[in-house]
Amino acid sequence: MTGNLVEIRNLRVEATTDSGRRLEIIKGVSLDIAEGEIVALIGESGSGKTTIALTLMGYTRQGCRITGGEVRVGGVDMVGLSETERAGIRGTTVAYVPQSAAAAFNPAITIMDQVVEVAQIHKLMPAAQARAKAISLFRALSLPEPEAIGDRYPHQVSGGQLQRLAAAMALIGQPKIVIFDEPTTALDVTTQVEVLRAFKTVTRQHNIAGIYVSHDLAVVAQIADRIVVLKDGEIRETGTTSEILEHARHPYTQELLAAFRPKAQERVPEIETTANLPLLMVDQLTVGYGSRLRNGEPLVSAVQSVSLRLDRGRNLGVIGESGCGKSTLARAIAGILPAHAGGITFNGRELGKAGRSRTRNELRQIQIVFQHADTALNPAKSVEDILGRPLTFYHGTRGKARDARISELLDLVRLPKSVRQRRPGELSGGQKQRVNFARALAAEPTLILCDEITSALDTVVAAAVIELLKELQRELGLSYIFISHDLSVVEAICDEIIVMYRGQKVEEITPVRSKVPEHPYTRLLFSSVPKLDPTWLDGLQQDPEQVRTYCHH
Amino acid sequence: MTTSTSSGRRGIRLGYRANPVGISALGVILLWAVVALFAPHMIPHSVGEIVDTDYFGPVSRDLWLGSDYLGRDIFSRILMGARYTLGISLAAVSIACFSGVALGMTAAVAGGWLDTMLSRFLDALNSIPSKLFGLVVVAAVGSSIPALIATLSVIYTPGAYRFARALAVNVNTMDFMVVARIRGEKLPYLIASEILPNILGPVLADLGLRFVFVVLLLSGLSFLGLGVQPPYADWGALVRENIGGLPFAAPAVLFPSLAIASLTISVNLLIDNLPRRIRDRSPE
């Protein structure tokens with residue numbers, strides 16, 4: 001048992017809840033990482049993947065503690081060390097790249113000062129040398145203007161660049177192992193490709209071992225040598241990347257893989273209604289933020305002259321990277337953000353631009369479901385109250401009839417009756433999103449705008465939610481507008497797809513045609529979606545000219 | 001999950017956990033509340049009756065806390081004083097917090113010119129020094145209990161408004177507020193049903209803190225002779241009446257001060273140690 005850089009043996013971590021109850025969250029995990037090897041920890045949220053990764057630094061989050069086992073990094077047991085001794089190892093032997101680099105950088109200090117801080121704290125090298133090393137790391141991570149980027153402040157670089165800078169910060173102390181904690185989860189697919197590529201090159205060059213925490217199997221397949229599948233604080237399956245991808249044995253792993261396979265499109269038979277009258281027509285819609293300029297235009301326009309058409313019982317997908325105006329478009333259709341110009345025709349009738357100028361019935365027919373169920377559900381109200389309000393408000397349902405309808409709604413979204421009295425904080429992410437959706441259904445709408453509703457969910461849970469949406473469409477004859485940056489989600493459910501880039505509609509495609517998109521941005525977007533094939537990233541050919549045009553603004 | 005737990009863990013049944021400091025502070029507050037309610041039945045001597053031949057008398061078997069500058073029983077006077085101190089302060093703080101919080105939430109939800117006007121007006125009110133404002137009002141309309149309550153509540157409304165507005169502005173940006181608005185909900189529902197439940201905890205804590213300020217301001221006004229008028233006296237007035245006993249270390253000046261201290265410190269401690277809701281309620 002020698003020669004491995006990291007040896008975790010029978011690790012147990014316990015958490016104490018606020019009622020004083022003890023919960024074992026890591027139940028005897030053993031794991032080895034050889035020098036230069038990248039091991040991925042994969043599993044749904046709450047499976048303990050980040051907790052295990054953090055124990056490599058001898059760290060547990062507040063309320064947790066290591067109760068058993070050992071974590072040997074380079075022969076030293078992190079569990080037994082004092083806090084001071086651990087501090088000496090952190091940054092020099094083990095380093096950490098957080099999920100949200102934006103939250104990890106101090107906005108008031110320049111990037112360079114923060115990157116070289118590790119070298120200063122551990123007195124590794126003189127300041128000038130540290131700077132030179134930082135610049136060479138910036139170059140290795142293919143950051144633009146490596147000499148000058150360090151003088152900027154964190155808000156002056158893009159999210160993908162910041163994530164690579166966070167990696168530079170981790171690498172400057174020449175660690176033997178780096179913990180990557182979902183570093184690309186918050187990034188757009190097009191940016192993710194660059195970041196992954198940079199990580200892969202640098203870790204290979206310096207022969208750095210890594211522990212890569214993620215819930216995205218396709219991303220992990222690109223970078224990891226071995227994959228460890230976790231569920232409920234226990235290791236379910238370990239194997240090399242190709243073993244896991246091709247011969248997954250554990251049901252949970254198979255479920256994870258299945259969530260990736262494109263499902264056959266099951267279409268609702270076309271309902272011929274009212275002589276081809278479209279359900280929703282959006283004509284030359286322009287939406288913006290900020291105060292009005294002298295010519296009546298908004299200060300910043302997020303959506304510029306977008307037109308679309310949606311027929312009854314059909315689904316429309318809107319895709320594009322963050323900041324392209326897709327959510328703003330949905331908000332304008334719902335009346336949350338009044339459009340500046342253009343028209344919205346629903347069911348043959350022109351709608352008021354602001355929600356306030358629409359009738360209660362018009363508001364009822366278009367419902368919007370937001371991405372973050374955490375903020376979309378009032379944390380102080382029970383599920384019953386949340387679902388009951390639209391029933392009373394729109395339909396005047398009260399008393400027993402209301403109770404019965406709430407039960408029906410919970411059935412529709414496959415939630416047990418026992419959640420009725422619970423508050424959103426006591427539900428899991430997937431359950432919350434179902435409640436969020438059930439509230440929209442309570443209004444009995446004809447059109448539901450889904451704004452990135454699966455982005456915050458794990459792959460398996462997201463797949464289940466998508467299945468649910470399809471079923472509900474069959475049962476209730478709804479139409480969806482599906483806004484997402486995730487192509488696989490949109491392809492799975494939509495009849496037509498609109499691609500947006502910088503507030504404009506660049507292309508309109510149908511999934512059948514989506515294999516051969518025409519617009520260069522669409523092509524870039526489609527080619528950037530990671531595939532389960534481990535050789536995908538290395539074999540990926542993208543026109544560097546296009547990447548430069550569309551990824552850095 | 002729905003079955004209530006039957007384990008022996010304390011406070012689990014209620015879903016709240018309190019700590020000993022908070023419980024003892026609550027005990028002191030409840031004690032004063034009982035005293036305020038039943039004072040007429042508890043006092044050993046009448047408030048105005050001169051029972052001691054000596055003034056600033058020491059603690060004795062008959063006069064538990066000594067006598068005041070006229071030889072009246074200070075124990076009885078403190079018990080009766082509790083009614084004024086607690087009663088006036090509670091009424092004033094309730095009015096101040098109710099109007100402040102209601103206006104604050106309205107301003108946050110409505111926004112626009114209403115928010116601007118309310119905020120500027122209440123800021124202007126806030127800029128008047130509270131003691132001076134009290135002095136002016138009492139000098140103008142005279143000192144009566146309703147006038148005192150009204151003055152104190154006007155003084156403390158802007159603070160409550162600012163506090164509630166700051167909290168409500170945060171809640172107002174949440175997606176569930178957007179959902180409620182686009183559902184077509186009107187202002188009263190948005191305030192009472194969506195925002196209030198989310199800010200209730202901090203608002204109650206603020207109410208407790210503001211109660212302490214009101215007690216101290218009332219005592220201050222009474223100390224200056226502008227508060228409760230003789231022969232009745234709240235605790236502040238008791239300290240003032242007997243301030244002449246300070247060189248003699250008379251219990252008559254000591255005990256009213258202790259009464260003020262015990263009440264205000266207890267309220268503060270209670271706020272800092274409010275029972276916390278236990279989120280983990282799954283059975284063992």
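In what order do the six strands of the open sheet in chain A run, and what is the pairing?

Analyst: Keep in mind that this model is predicted. The open sheet in chain A has the strand order S16-S17-S18-S13-S19-S20. Its pairing is mixed. Strands of a sheet pair through backbone hydrogen bonds, either parallel or antiparallel.

Start at the edges. They are strand S16 (366-369) and strand S20 (504-509) of chain A. Each of these pairs on one side only. From one strand to the next, the twist averages 20°.

Now go inside the sheet. Strand S13 (residues 315-319) of chain A pairs with strand S18 (residues 479-484) of chain A. The sense is parallel, over five bridges. One pair to find is Ile319(A), which stands opposite Ser484(A) in S18(A).

Strand S18 of chain A spans residues 479-484, and Ile481(A) is among the residues with the most contacts inside the largest nonpolar core. That core has 229 residues. Leu56(A), Ala168(A), Ile172(A), Ile177(A) and Leu449(A) are also listed with the most contacts there. Helix H2 (residues 74-110) of chain B gives the core its largest share, 19 residues. Domain 1 (4-258) and domain 2 (300-518) of chain A each supply at least three residues.

Take Ile172(A) as one example from this core. Leave aside its neighbours within four places in sequence. Its contacts then include Val115(A), Val116(A), Ala130(A) and Leu137(A). Lys133(A) is also in contact with Ile172(A).

Note on methods. Residues numbered from 1 in each chain as written. Chains lettered and ligands numbered in written order. Predicted model: local features only at pLDDT ≥ 70, side-chain atom pairs only at ≥ 80, totals over all residues. Pairing = 2+ DSSP bridges. Helix = DSSP H or I, 4+ residues; strand = E, 2+ residues; numbered from the N terminus. Axes fitted to C-alpha atoms, helices over the stretch in contact; angles between N-to-C directions. Core = buried A, V, L, I, M, F, W, Y, C linked by C-beta atoms within 7 Å. Buried ≥ 20, exposed ≤ 12 C-beta atoms within 10 Å, placed from the backbone. Domains from an automatic or database assignment. Contact = placed C-beta atoms within 7 Å.
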